[in-house]
Amino acid sequence: MTRATGSRGLLLSISLLGLGCGTIRPVHLTAQEPYVVPADQEVVLQRADRARVKGDSAAPIRIVEISDFECPYCGQFHVESSRIIDSLYVQSGIARYLWISFPNSTHPRAWPAVEAAFCAGAAGRFWPMHDILFERVDQWKKAVDPVGLFEQWAAEIGIDVESYGLCLRNDVTAPLQVADYDSALRSGITSTPFFVVGDSVAIRGAVSMERFRSAVDSVLIARGLETP
Amino acid sequence: MLTEGDLAPDFELATDGGGSTQLSDLLGKRVVLYFYPKDDTSGCTKQACGFRDYQAGLAEQNAIVIGVSPDGVASHDRFRDKYDLNFPLLSDPDHAVAEAYGAWGKKKMYGREYEGILRSTFVIDAEGRIEKVYSKVKAVDNPRQVLEDLSS
């Protein structure tokens with residue numbers, strides 16, 4: 001139903017983001033110590049930026065997901081396909097996976113949710129919080145105090161709540177959120193989820209895993225790489 | 001058939017006049033998505049003209065209308081021009097979207113059974129969830145009924 005389409009202008013903009021290089025080193029010393037969000041904003045931004053990338057830095061292709069925590073189709077894709085993509089392409093070393101935030105204008109609650117994910121990322125726990133936000137969207141999107149919920153869930157995944165709360169309540173990751181939004185907007189993206197595979201193929205919408213796999217494999221084949 | 005509260009299946013289909021329409025692009029608006037059998041036939045024309053005439057009232061309810069049939073874009077263009085239709089008509093040639101919505105199935109005409117579009121209308125809320133389903137739709141009454149329900 002949905003289809004993969006190429007879009008050079010879009011792909012160029014995304015590839016110029018320059019975000020998400022390197023490997024996150026969580027501030028976490030032993031199993032008993034919590035993951036701490038650093039106090040310095042520059043450090044928070046660097047760590048949050050790197051934390052939303054997963055996979056081997058030497059992987060031959062990159063997959064970029066442009067997403068919105070409050071978008072039901074992003075949630076659907078997360079539930080149906082994210083684990084399969086992880087297993088097929090990320091854990092196998094074929095792809096690095098980068099997550100970009102692009103909240104729909106009708107989703108004001110998505111912004112604090114991104115803050116929750118990025119602050120968790122600064123503590124080295126982006127992906128566990130990312131999963132929680134998609135899986136518990138019905139709880140936080142109507143909550144009187146979503147920040148309180150985010151803190152509670154941060155504690156569940158081992159984050160130091162005090163440093164996390166300071167990050168959340170002071171818009172520390174706002175520059176990263178705005179940079180993401182502007183990049184997606186400049187790239188001409190109008191809806192989520194949206195994917196860019198290997199900087200050469202764009203996929204619009206919550207496509208089936210079959211279609212997603214076909215698009216990724218076509219990029220691998222075009223580069224003379226093996227498909228999983 | 002989908003039921004109220006289900007996430008409406010996303011799709012991207014070619015539209016009259018060129019280009020395509022993707023459902024997930026329309027989050028934030030209510031969508032009246034109606035499946036009809038064939039352009040420029042008696043029932044379908046009445047239904048399309050009804051939605052055309054109630055367009056303003058539906059817009060007041062933050063709703064936009066989208067028609068879907070297996071006809072091609074060129075046929076949709078002619079149908080739109082002939083009746084001044086003021087909403088998009090999408091082409092679903094392999095009826096995959098109709099099937100995803102449960103709007104494709106067995107029908108009977110003159111005692112003969114065949115597969116085709118089951119005339120049905122879905123109101124999708126601003127968050128992409130099915131708000132109301134109209135199955136076994138009467139082409140003439142459906143547009144007014146949808147407007148009345150959305151306005152109540």
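Guide: Welcome! In this predicted model, local features need pLDDT of at least 70 and side-chain atom pairs count only at pLDDT 80 or more, while totals for chains, interfaces and linings use all residues. Residues are numbered from 1 along each chain as its sequence is written, and chains are lettered from A and ligands numbered from 1 in the order in which they are written.

Visitor: How many helices and strands are there in chain B?

Guide: Chain B has five helices and nine strands. Helices are DSSP runs of H or I with at least four residues, strands are runs of E with at least two, and both are numbered from the N terminus. Along the sequence, the pattern is β-β-β-α-α-β-α-β-α-β-β-β-β-α.

Visitor: What makes chain B as compact as a globular protein of that length?

Guide: The radius of gyration is taken over C-alpha atoms, and the globule rule is 2.2 Å times the number of residues to the power 0.38. For 152 residues the rule gives 15 Å, and chain B has 14 Å, which is close, so chain B is as compact as a globular protein of that length.

Visitor: Why does Arg169(A) count as partly exposed?

Guide: A residue is buried if 20 or more other C-beta atoms, placed from the backbone, lie within 10 Å of its own, exposed if 12 or fewer, and partly exposed in between. Arg169(A) has 13 C-beta neighbours inside 10 Å, so it counts as partly exposed. Arg169(A) is found in helix 8 (residues 161-169) of chain A.

Visitor: Why is helix 4 of chain A called roughly antiparallel to helix 5 of chain A?

Guide: Axes are lines fitted to C-alpha atoms, for helices over the stretch in contact, and angles run from 0 to 180 degrees between N-to-C directions. Angles under 35 degrees count as roughly parallel, over 145 as roughly antiparallel, 65 to 115 as roughly perpendicular and the rest as oblique. Helix 4 (residues 110-122) and helix 5 (residues 126-135) of chain A cross at roughly 155°, with axes that come within 7 Å. That makes helix 4 of chain A roughly antiparallel to helix 5 of chain A.

Visitor: Which residues meet between helix 4 and helix 5 of chain A?

Guide: Among them are Ala113(A) and Gly121(A) from helix 4, and Phe126(A) and Leu133(A) from helix 5. Contact requires C-beta atoms, placed from the backbone, within 7 Å.

Notes
Two residues are in contact if their C-beta atoms, placed from the backbone, lie within 7 Å.
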